[in-house]
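This report looks at two residues of one chain and then at the chain as a whole. The sequence and structure come first.

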Amino acid sequence: MSKPAADPLPPAPGGVLWSLAGDVRALLMLPAALTMQVAHPAVGAGVDEHSVFRTDPWGRGERSLRSLQLWIYGGDQAAEEGRRLRELHRTIQGTDAHGRRYHALSPAYYSWVHATGFPVYRHAARYLVRPLTDAEERQLYTEWLQVGRILGIRDRDMPQTVEEFWPYYRKVLADELEATVVVRELVAVDQPVPAPDRGPLPLRLLLRVLWPALLPPLARFRRFMTIGLMPPDAREAIGLEWSDEQERRLRRLARVVRAVVPVLPERLRYLPLARAARRREREAERLRRSDRRAR
């Protein structure tokens, strides 16, 4: 009787992904990846027909962020979360805008959803953190492959090296991506969005009162960051416009972000699951040093 395969482990602490994904700056990067995902007609149709992003945007965003953080910082919970996601997507199927049947777990579609993270992290880090070295880029890709395994994606359904990734990526951009209905909604500035329903009650009540005035500038900022932090070739493939003046504004904002975020206290700089994982890793390192001294 063969021994069951061990669950894949999340990327090791201290790696490139460990540093990027838990930093609050990742919150600015994620909308670009999401928009690239739903620019694929099959993925866009699945989200359009089955997601609650219109009726429960804050709950959906919170659940998605927690899931992503578990893939990287969840330890033993990472693979369990991957299995939960696959089970959640098992019944998601239908017909896209071109009349083609889709299933959420079809390797081509599920792998594309995963694949978008690497080019977005790579591109956005140039603005908000710093450009990655060649070695760091390769390490990031290796770590992102490990995330794919946690999600249950087989190695044969993912390019195994950076050199293999870019031809695959460019082919999807050229052959598949378009401004789907969901893309247009995600970058629109006039879509109705309910006031936040998370957080302390006094804050929720205040936001409910101020929301009509706050929503328009927030929607414009969301569009600006979504398109600006998207890799230019993906932006062009989807048909999203971006001017030289917008690029200059993004670079000015990025300089401020790079100056401010690194000096924030840890409780403000890192997302909760990342912060807890960092504490656990520091404690584990302290115990390892203590053990070495005792020998």
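The model is a predicted one. E247 is part of helix α13, which covers residues 244-260. Setting aside the neighbours within four places in sequence, the residues in contact with E247 are Y127 and W242. With Y127 there is also a polar contact between side chains, at 2.6 Å.

Is R60 buried or partly exposed? R60 has a relative accessibility of 23% and therefore counts as partly exposed, since that class lies between the 20% limit for buried and the 50% limit for exposed. R60 sits in helix α4, made up of residues 57-73. Beyond the neighbours within four places in sequence, R60 is in contact with L34, V47, S51, V52 and F53. S51 also takes part in a polar contact with R60, side chain to side chain, at 3.4 Å. R60 and V181 are 121 residues apart along the chain, and 18 Å separates their C-alpha atoms.

| Residue | Partner | Polar contact |
|---|---|---|
| E247 | Y127 | 2.6 Å |
| R60 | S51 | 3.4 Å |

## The whole chain

The chain contains 15 helices and two strands. How does the radius of gyration of the chain, 20 Å, stand against that of a compact globule? A compact globule of 295 residues would have a radius of gyration near 19 Å, so the 20 Å of the chain agrees with that expectation. The C-alpha trace spans about 65 × 50 × 40 Å along its principal axes.

Among contacts with a separation of 6 or more, 73% are between residues 24 or more positions apart.

Key:
Residues are numbered from 1 along each chain as its sequence is written. This is a predicted model: local features need pLDDT of at least 70, side-chain atom pairs count only at pLDDT 80 or more; totals for chains, interfaces and linings use all residues. Side-chain values use heavy atoms; hydrogens and water are left out. Helices (H or I, at least four residues) and strands (E, at least two) are DSSP runs, numbered from the N terminus. A polar contact is a pair of N or O atoms within 3.5 Å; within protein, one must be able to donate a hydrogen and the other to accept it, and residues adjacent in sequence count only if both atoms are side-chain atoms. Contact means heavy atoms within 4.5 Å. Buried means under 20% relative accessible area, exposed over 50%, partly exposed in between (1.4 Å probe, protein chains only). The radius of gyration is taken over C-alpha atoms; the globule rule is 2.2 Å times the number of residues to the power 0.38.
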